[in-house]
Amino acid sequence: MADRFLVFGDIHGEWDKLVSLLAQVQPDYGQDEIVFLGDYVDRGPEPKHVLDYIMGLPKGDNIHLLQGNHELMLWNGFGEFCNTYSQMGEFVDELALWMQNGGHVTLQQISGSVEEFEKYAKFVHSLPLYYQAQLDGHNYLFCHGGIDPDLPLEEQSTNDFVWGRDLAERYMSHSEIKYIKSLTGGTELTVVVGHTPVPAMEPGRCTPIVTPEVIFLDTGSFLSEGRISCMDLRSGQIWQSR
């Protein structure tokens with residue numbers, strides 16, 4: 001059994017904050033179960049350092065690196081950069097979309113050559129969209145953005161998993177989240193997500209929101225008062241960058 005079940009929220013190129021968080025958590029890559037919820041790049045000043053760290057993690061069955069919407073934009077931006085998708089209209093203006101969402105620092109740091117850009121793009125494209133686990137008899141679903149609570153898991157789209165804000169919107173409007181049992185055939189489920197910064201959901205708050213249905217772990221890493229957060233699902237302990 002893993003010693004801890006560690007889940008890390010959005011990093012967004014904030015290498016110094018990540019280093020300060022790792023110093024506190026001191027993850028054991030051989031024993032702890034570890035999930036990163038995506039958005040390793042963009043907005044912050046050192047996305048390449050963050051990517052190099054993520055790419056250098058051991059390739060064990062206990063380490064799960066998920067794809068966020070910023071990784072998706074990086075991949076699509078690479079396709080447009082290389083004219084790979086010149087015949088696919090859905091990829092038009094992907095570079096512009098990426099730049100509008102803070103991708104300029106990432107592009108500058110990883111595009112020294114087409115080969116280097118391709119290495120990082122292929123890595124983020126290879127990352128899964130979600131991960132499921134059972135911990136102490138309780139079911140968890142991990143993804144970056146969220147899910148559509150009205151659809152079964154097999155009908156969720158890539159956009160739901162990496163861009164979705166339905167869960168955050170329902171939380172903020174105090175709406176019932178009905179999927180808690182429907183996705184797992186009647187057993188309870190908690191969805192653990194990043195993507196929507198907690199300070200945008202509850203102004204002035206920079207700590208994770210933890211409910212039986214959803215855990216929100218994006219605590220605004222790239223904001224001046226924001227932090228990167230990590231939670232141990234086994235004990236409930238939370239660490240935050242300094």
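Mentor: Let us begin with axes, which are lines fitted to C-alpha atoms, for helices over the stretch in contact, with angles taken between N-to-C directions. Please keep in mind throughout that this is a predicted model. In it, the axes of helix α1 (residues 15-25) and α2 come within 8 Å and cross at roughly 40 degrees.

Trainee: Why are α1 and α2 called oblique to each other?

Mentor: Angles under 35 degrees count as roughly parallel and 65 to 115 as roughly perpendicular. The crossing angle of α1 and α2 is roughly 40 degrees, and the two helices are therefore oblique to each other.

Trainee: Which residues in α1 and α2 meet?

Mentor: From α1 there are Trp15, Leu18 and Leu22, which meet His49, Val50 and Tyr53 in α2.

Trainee: What makes the pair of Phe36 and Tyr53 edge-to-face?

Mentor: Ring centres must lie within 6.5 Å for a pair, and planes over 60 degrees apart count as edge-to-face. For Phe36 and Tyr53 the centres are 6.2 Å apart and the planes stand at 70 degrees, so the pair is edge-to-face. Because Phe36 lies in strand β2 (residues 33-36) and Tyr53 in helix α2 (residues 47-55), the pair ties together parts that are 17 residues apart in sequence.

Trainee: How do you know whether Phe36 and Tyr53 are buried or exposed?

Mentor: Buried means under 20% relative accessible area. Phe36 has 1% and is therefore buried, and Tyr53, at 14%, counts as buried by that cut-off.

Trainee: What makes the pair of Tyr140 and Phe142 stacked?

Mentor: Planes under 30 degrees apart count as stacked. Tyr140 and Phe142 have 20 degrees between their planes and 6.1 Å centre to centre, and form a stacked pair. Tyr140 is buried, with a relative accessible area of 13%, and Phe142 is buried at 0%.

Trainee: How many aromatic pairs are counted by this rule, and which residues do ring pairs link into a cluster?

Mentor: The count comes to 12 aromatic pairs, and ring pairs join Phe8, Trp15, Phe36, Tyr40 and Tyr53 into a cluster.

Trainee: How do you know that the charged end of Arg43 sits over the ring of Phe222?

Mentor: The rule asks for CZ of Arg within 6 Å of the ring centre and within 35 degrees of the ring normal. The charged end of Arg43 sits over the ring of Phe222 at 4.9 Å from its centre.

How values were computed: Residues are numbered from 1 along each chain as its sequence is written. This is a predicted model: local features need pLDDT of at least 70, side-chain atom pairs count only at pLDDT 80 or more; totals for chains, interfaces and linings use all residues. Side-chain values use heavy atoms; hydrogens and water are left out. Rings of Phe, Tyr and Trp (its six-membered ring) pair if their centres lie within 6.5 Å; planes under 30 degrees apart count as stacked, over 60 as edge-to-face and the rest as tilted. Helices (H or I, at least four residues) and strands (E, at least two) are DSSP runs, numbered from the N terminus. Buried means under 20% relative accessible area, exposed over 50%, partly exposed in between (1.4 Å probe, protein chains only). Axes are lines fitted to C-alpha atoms, for helices over the stretch in contact, and angles run from 0 to 180 degrees between N-to-C directions. Angles under 35 degrees count as roughly parallel, over 145 as roughly antiparallel, 65 to 115 as roughly perpendicular and the rest as oblique. Contact means heavy atoms within 4.5 Å.
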